[in-house]
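Okay, thanks for making time, everyone. Let me put the thing on the screen and then talk you through it.

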Amino acid sequence: MDMDKLEDYRYTMESCNHCGQCRFILGHKMRGWEYAEVCPIYQRYQFDAYSGQGLINIAQELLEGTLRYDKELMKHLYTCTTCGACDVNCKSVRDMEVLDTILALRAKCVEDRQGPMPEHKGYARLVENTHNINGQPHDQRFAWLSDHVSLSQDTKIAYFEGCTASYLYPDTARNVIKILNAGGMRFTVLDSDEHCCGAPLWRTGQIETAGKLAEHNLDVFKNRGVKTLITGCAECYGAFRGFYPRIAKPDFEILHITEVIHTMMKDCRLSFKNNLNLKVTYHDPCLLGRLSELYVPWNGQIKAFGIHDPPKQWRRGTHGVYHAPREILKAIPGIELVEMIRNEENAFCCGGGVPAAFPDFALWTAKERLSEARFTGAEAVIFSCPFCRSSFETAIDSGIEPIQYHDITELVVQAL
Amino acid sequence: MSLLEHVYSELESVVGSEHISDRPHILAAYRHTSPQGGRKSISPEAVILPGRSEEVQAIVRICNRYNIGYTSIVSLFGMGWLVSRPGTIIISLRRMNRILEINERDGFTVVEPAVRHVQLKPELMKRGLSYPVPSVGPSCSVLANFLGKGERHIQHSYSKNNRYLLGYEWVTPTGELIRVGSLANDSGWFCPDGPGPSLGGLIQKGNGIFTKAAIAVDAWKGPAILPTEGRSPTYKVRLPQDCHKVHIFKFHTLEKVRDFMIEMGKAEIGVGVLKFFYATAGVMFTVSANDFWEL
């Protein structure tokens with residue numbers, strides 16, 4: 001088994017005993033009646049088929065031919081934000097691959113010419129033509145770079161900014177640069193060689209197109225001698241850690257900007273002077289938190305009792321980037337950090353995985369998350385991903401009770 | 001066989017179109033073959049999600065009128081073969097998830113069927129109360145769990161779990177709403193059996209649908225919030241030693257166990273003997289099937 005086809009996940013499909021852990025926060029992290037559910041689709045649509053369990057049940061029936069494709073089924077499969085909360089909660093007690101089964105199911109839908117949703121096909125067309133998911137001119141990707149930025153040529157460290165920061169939130173990209181400069185890091189950017197990381201295509205089952213993007217970017221990293229890649233985008237980070245190893249063994253280090261800042265703080269290369277006087281809560285982006293562990297390909301047999309031969313390196317969400325952003329916030333003068341109930345590996349998705357095809361559901365999800373943020377008494381919700389920013393911005397703009405929202409790099413720059 | 005259109009419409013009129021479905025992919029979640037069961041399941045014809053007791057009554061009456069079977073569910077834990085004959089619908093009580101009352105003075109709480117342990121237990125702990133969870137995980141229904149009359153691993157220290165079940169509200173197989181125990185006499189939720197005749201013998205699992213129940217609660221001397229360390233899958237919870245201690249005794253013969261129990265009884269210390277399956281402990285201390293196998 002190479003674990004690249006839906007059939008390879010038959011063990012997961014057959015061994016589910018419907019325990020329901022894919023829908024609820026773990027017992028150890030329980031805090032009360034509110035905010036106990038972790039699966040956005042289950043909470044919103046309420047039928048059990050809208051859950052990790054339901055999706056793998058559907059996958060099994062499609063594989064066995066007892067369920068047939070139709071438009072409603074496609075909508076159902078693509079409503080899932082692929083946030084992975086089901087996956088890590090299931091894996092707290094079981095050796096199952098719930099999210100990879102869902103992703104393999106989507107890949108099968110695309111292979112069978114049934115998926116993805118039309119809006120997702122649009123991503124692929126835009127990427128093919130413009131190398132970014134926004135359909136913006138490729139030569140404008142680094143238009144935000146100013147002459148005041150200090151870049152180095154003879155370095156093996158590169159900043160990969162990603163489509164969303166490039167075109168929608170260049171202020172975040174500029175903040176990343178300011179921070180790297182302030183910490184004395186010598187780095188470069190990839191200019192027109194940087195193409196979309198492929199995350200939106202990978203997560204909608206468009207593996208072939210996503211694979212081509214990965215191959216392109218991997219070639220760029222290799223040809224430019226990149227040994228350390230820094231990104232401020234959780235989606236890009238998650239793709240480099242979770243998808244690229246399925247294409248080729250990575251020979252470079254991947255760091256999120258929060259990890260870089262944390263290291264600079266520990267090395268006394270970065271310190272904060274300004275008092276921000278703000279009570280905040282931190283939202284863990286899915287692909288920076290529970291889904292950011294490095295994917296290690298496994299090829300073997302699953303024997304009786306679920307024994308994996310050879311042993312498999314599991315991604316259970318244990319080693320996500322949870323610590324660094326919190327340490328940064330705690331170090332900024334005047335910042336009081338309070339936690340949401342659903343945090344770290346149990347964090348509730350912002351809805352960023354589905355806005356194109358299901359804007360109403362994406363909006364509902366973001367509102368639910370902001371409601372939880374307000375429940376903590378925080379004045380602001382902090383995140384470290386431009387997709388989360390887009391989700392929260394849309395929710396706030398829709399007219400709900402306001403709360404401040406900031407990318408963590410914004411606070412760091414203010415505090416320098 | 002599928003539901004006749006007018007039957008579906010009648011059911012839909014009870015809960016609204018958003019809370020009923022007969023789409024094949026929606027029903028896939030209720031016909032999955034359980035790994036414990038092994039037999040291929042029969043598909044339900046539809047799933048319906050009532051939000052109130054009155055809606056449950058209306059659904060049951062429609063089912064009776066058209067000879068449609070029904071099975072009520074909440075969390076599906078370990079369930080296979082939900083449907084025993086074609087022409088059956090699933091009544092998912094998932095929307096009925098409110099904690100209706102926490103009575104600190106009289107020591108009980110009133111819940112709807114879809115309140116889960118992961119929700120109720122911490123709400124009680126905040127108030128210095130708790131209850132024993134009988135052999136299931138955090139996402140399971142509190143109400144369904146306490147209906148079980150089987151032996152559970154909590155009984156050595158807390159008695160049988162169904163002893164915690166107090167007054168309850170029950171939709172009969174014919175669709176009447178019955179308030180059982182002290183509730184029937186407007187005497188509150190405190191007792192499942194009277195004053196007056198008990199229906200305890202009549203009401204067994206599988207008959208009718210429970211829509212509200214009171215559960216007895218105990219005092220909780222531990223912290224209001226569990227002090228959890230670590231991350232999935234290796235959490236640790238260290239409870240304060242002034243109110244939680246574990247003593248491990250080893251006995252080499254049953255006679256010595258007997259003597260020990262007699263002495264404990266004389267000291268008026270509650271005691272039970274549990275034949276504990278070591279595998280359960282093994283699961284708790286390992287992180288994968290491979291680890292467990294090597295243990």
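Before the interface, one term: when I say contact, I mean heavy atoms within 4.5 Å. And keep in mind that this is a predicted model.

So, how many residues does each chain put into the contact? Chain A gives 59 residues and chain B gives 56 residues. Putting chain A and chain B together buries about 4,700 Å², and 55% of that sits on carbon and sulfur atoms.

Now the polar side of things. Between chain A and chain B there are five salt bridges, while the count over all chains comes to 47. Across the interface, the rule also picks out 25 residue pairs in polar contact, with both residues at pLDDT 80 or more. Which elements of chain A give two or more residues to the side that touches chain B? Those are α1 (10–15), α2 (40–45), α3 (52–64) and α4 of chain A. The largest share is from α3(A), with seven residues. By type, that side of chain A splits into 22 nonpolar, 20 polar and 17 charged residues.

Let me zoom in on two of the salt bridges. One pairs A:Asp70 with B:Arg23, and the closest N and O atoms there are 3.0 Å apart. Another joins the side chains of A:Glu344 and B:Arg231, at 3.1 Å from N to O.

For context, most residues other than glycine have a negative phi, and most peptide bonds are trans.

Which brings me to the cis bonds. In the β12 to β13 loop of chain B we find B:Pro233, and the peptide bond from B:Ser232 to B:Pro233 is cis, with omega near 5°. Over in chain A, the bond from A:Gly115 to A:Pro116 is cis as well, with omega near -5°. A:Pro116 is in the loop between α6 and α7 (118–130) of chain A.

Last stop, some helix packing inside chain A. Where do α4 (residues 71–79) and α6 (residues 98–111) of chain A go relative to one another? Their axes come within 10 Å and cross at roughly 140°, and the crossing is left-handed. On the α4(A) side, the contact uses A:Met74, A:Leu77, A:Tyr78 and A:Thr79, and on the α6(A) side A:Leu105, A:Arg106, A:Cys109 and A:Val110. Sorted by type, the residues of that contact come out as six nonpolar, one polar and one charged. And remember, α4 of chain A is also one of the elements on the side that touches chain B.

That's what I had, so over to you.

Technical notes. Residues numbered from 1 in each chain as written. Chains lettered and ligands numbered in written order. Predicted model: local features only at pLDDT ≥ 70, side-chain atom pairs only at ≥ 80, totals over all residues. Heavy atoms only, no water. Axes fitted to C-alpha atoms, helices over the stretch in contact; angles between N-to-C directions. Helix = DSSP H or I, 4+ residues; strand = E, 2+ residues; numbered from the N terminus. Left-handed = near helix turned anticlockwise from the far one by under 90°. Nonpolar A, V, L, I, M, F, W, Y, C, P; charged D, E, K, R; others polar. Buried area = accessible area lost by both parts, 1.4 Å probe. Salt bridge = Lys/Arg side-chain N within 4 Å of Asp/Glu carboxyl O. Polar contact = N/O pair within 3.5 Å; in protein donor to acceptor, adjacent residues only side chain to side chain.
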